[in-house]
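Please read them with the structure open beside you.

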Amino acid sequence: MRDFASGTLDAPPFDAAFLHDPYPVYRQLRAAGPVLWRDDVFQGAWVLTRHEDVELALRDARFSSQRTGGWVKRIPGVDASLQGRRAQAGLEAFQRLFGSAMVFLDGADHQRVRKAMAAGFHPTFVKTLRLEVERLTGELLDGLDARAGFDFIAEVARPLPSRVIGLMLGVDRKDEARFMAWSDDLAAFIGALQPTADQLRAAQRSLLQMVRYFDALLPARRRQPGTDLVSRLLQAEAAGEIKADGELLAQCAMLLFAGHETTRNLLGNGLYTLLTHPEAWARLRADEDGMSLAVRELLRYDSPVQYTGRRVAADLTLHGTLLRRGDLVIALIGAANRDPDRFPDPDTFDITRRAGSHLSFGSGPHVCIGAGLSLLEADVVLRAVLRRWPGLALADAVPRWNGIAGLRGLARLPVSAS
Ligand code: HEM
């Protein structure tokens, strides 16, 4: 075993420099070995960096997606903050809800819930949303003055995915600010390598509020179903495909969260990368149809989701290292996407690269159900920005990253066009 914990190797720190630019650390980790133990990740976890290993962990049933049990309670300071029955009950409700979201289910349970949700993400349905996404994008861009400059994250990357997922779930736009705040609390918790008790409490509060919000919508939606995802899930629940004990609400909260944070960061990281690679920007100006390939390379080059987790379901040996049942495994998607064995010259951003095998949407049974939707949003937004402001440039020399290791994105992206 290659062991940072025992001091046999110098561990590259997951510090502020890492949050700014994780790629040098990934290179060091890859060079140190394929299977590494880190004490400073979720109170202890194996870290995988190679493309083939990350893919294996995502596809192989020996790696379970049920990884939330125990995780929450082991956060330092949580025991001390759990005084009283209400606090205990709140944490249990949080864990139960969290753990019944599709992304944390295995096998038959996972297939059952995924099937219930599939129609809402079918490519033919997603295609029908293009006009709506174009309209929402136009609405946001029309309100901006590029000469004066604007923050692309606040004005476009944050609200657009929120409006799109709001539309799909059939929720009111007036509630948008609340969704974004709840979703931000969940992101800070889910995306932390070492979540704190405060982050846990904020995530717990926000998840429970999100769920209460959806719960209040259900009676009307039952009486008068629409074509939205909540109505679909209610029909699945009535048909016995979704369990009645909160499973539906857990999926709604997961969708609200997944639909916000990830696409926001694809739009933000995407525009930032294009503006810092003027030759790519110029090429796309001349050939806008190169955008769909460019978006795939943007995903590979700076993935909005930098890692995901699994728990070892049965003892197994990987590259000579024994991984025991119950151990946590962190599959570093961001590192796999820069694996030189899979992508020649991996640190070069090349919009003509066929980067189809990037792992930014995961792989295997849990591969992102919203991938088509976010590709659509990125294609529409980046084309629209390019067409409207071909001379767009960064207004700040130094990027401000959000500081969330797992959900890499910019806190601000000031831009202007003369
Ligand atoms: C650029 C945008 C996105 C990225 C990079 C992304 C990334 C991912 C990744 C890596 C996974 C796999 C997680 C794992 O295996 O542990 C995943 C799953 C998932 N994503 Fe996305 N996602 C994006 C957008 C979206 C959107 C827009 C939605 C919904 C509206 C969504 C909903 C989901 C759901 C429900 C799952 C769980 C699928 C399952 O467990 O079967 N994602 N996503």
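1. The crossing of helix H11 and helix H12 is left-handed, where a crossing counts as left-handed if the near helix is turned anticlockwise from the far one by less than a right angle, and as right-handed if clockwise. H11 spans residues 176–190 and H12 residues 197–223, and the two pack at an angle of about 140° with their axes 8 Å apart; this makes H11 oblique to H12. Angles under 35 degrees count as roughly parallel, over 145 as roughly antiparallel, 65 to 115 as roughly perpendicular and the rest as oblique. Axes here are lines fitted to C-alpha atoms, for helices over the stretch in contact, and angles run from 0 to 180 degrees between N-to-C directions.

2. Please bear in mind that this is a predicted model, in which local features need pLDDT of at least 70 and side-chain atom pairs count only at pLDDT 80 or more, while totals for chains, interfaces and linings use all residues. Residues are numbered from 1 along each chain as its sequence is written. Helices (H or I, at least four residues) and strands (E, at least two) are DSSP runs, numbered from the N terminus.

3. Returning to the contact between H11 and H12, the H11 side is made by Trp182, Asp185, Leu186, Ala188 and Phe189, and the H12 residues include Leu200, Ala203, Leu207 and Met210; two residues are in contact if their C-beta atoms, placed from the backbone, lie within 7 Å. By class, this contact of H11 with H12 has 9 nonpolar, 3 polar and 1 charged residues, with Ala, Val, Leu, Ile, Met, Phe, Trp, Tyr, Cys and Pro counted as nonpolar, Asp, Glu, Lys and Arg as charged, and the others, Gly among them, as polar.

4. Helix H13 (residues 229–238) and helix H14 (residues 247–275) have axes that come within 10 Å and cross at roughly 155°, which means that H13 is roughly antiparallel to H14. Their crossing is right-handed, and the contact is made by Leu229, Val230, Leu233, Leu234 and Glu237 of H13 with Leu248, Gln251, Cys252 and Leu255 of H14. This contact has 7 nonpolar, 1 polar and 1 charged residues.

5. What surrounds the ligand? The shell holds 24 residues, of which the closest are Gly259, Thr262, Gly362, Cys368 and Gly370; a residue is near a molecule if its C-beta atom, placed from the backbone, lies within 6 Å of it. H14 and helix H18 (371–388) are the elements that give two or more residues to this shell, and H14 gives the most, with 7 residues. By class, the shell has 14 nonpolar, 9 polar and 1 charged residues.

6. H18 also packs against helix H16 (residues 291–301), at an angle of about 115° and with the axes 10 Å apart, in a right-handed crossing. Met291, Ser292 and Val295 in H16 meet Leu375, Ala378, Asp379, Leu382 and Arg383 in H18.

7. Turning to the strands, 3 of them form an open sheet in the order S5-S13-S10 with antiparallel pairing, and two strands pair if DSSP finds at least two bridges between them. Strand S5 (150–151) and strand S10 (393–394) stand at the edges, each with a single partner strand, so one side of each has no neighbour in the sheet. S10 is joined to strand S13 (residues 414–416) by 2 bridges, and Leu394 stands opposite Val415 in S13.

8. Strand S2 (residues 35–38) and strand S3 (residues 45–48) pair in the antiparallel sense over 4 bridges, with Trp37 opposite Trp46 in S3. S2 and S3 form a hairpin with 6 residues between them, and Phe42 in the turn has a positive phi of about 45°.
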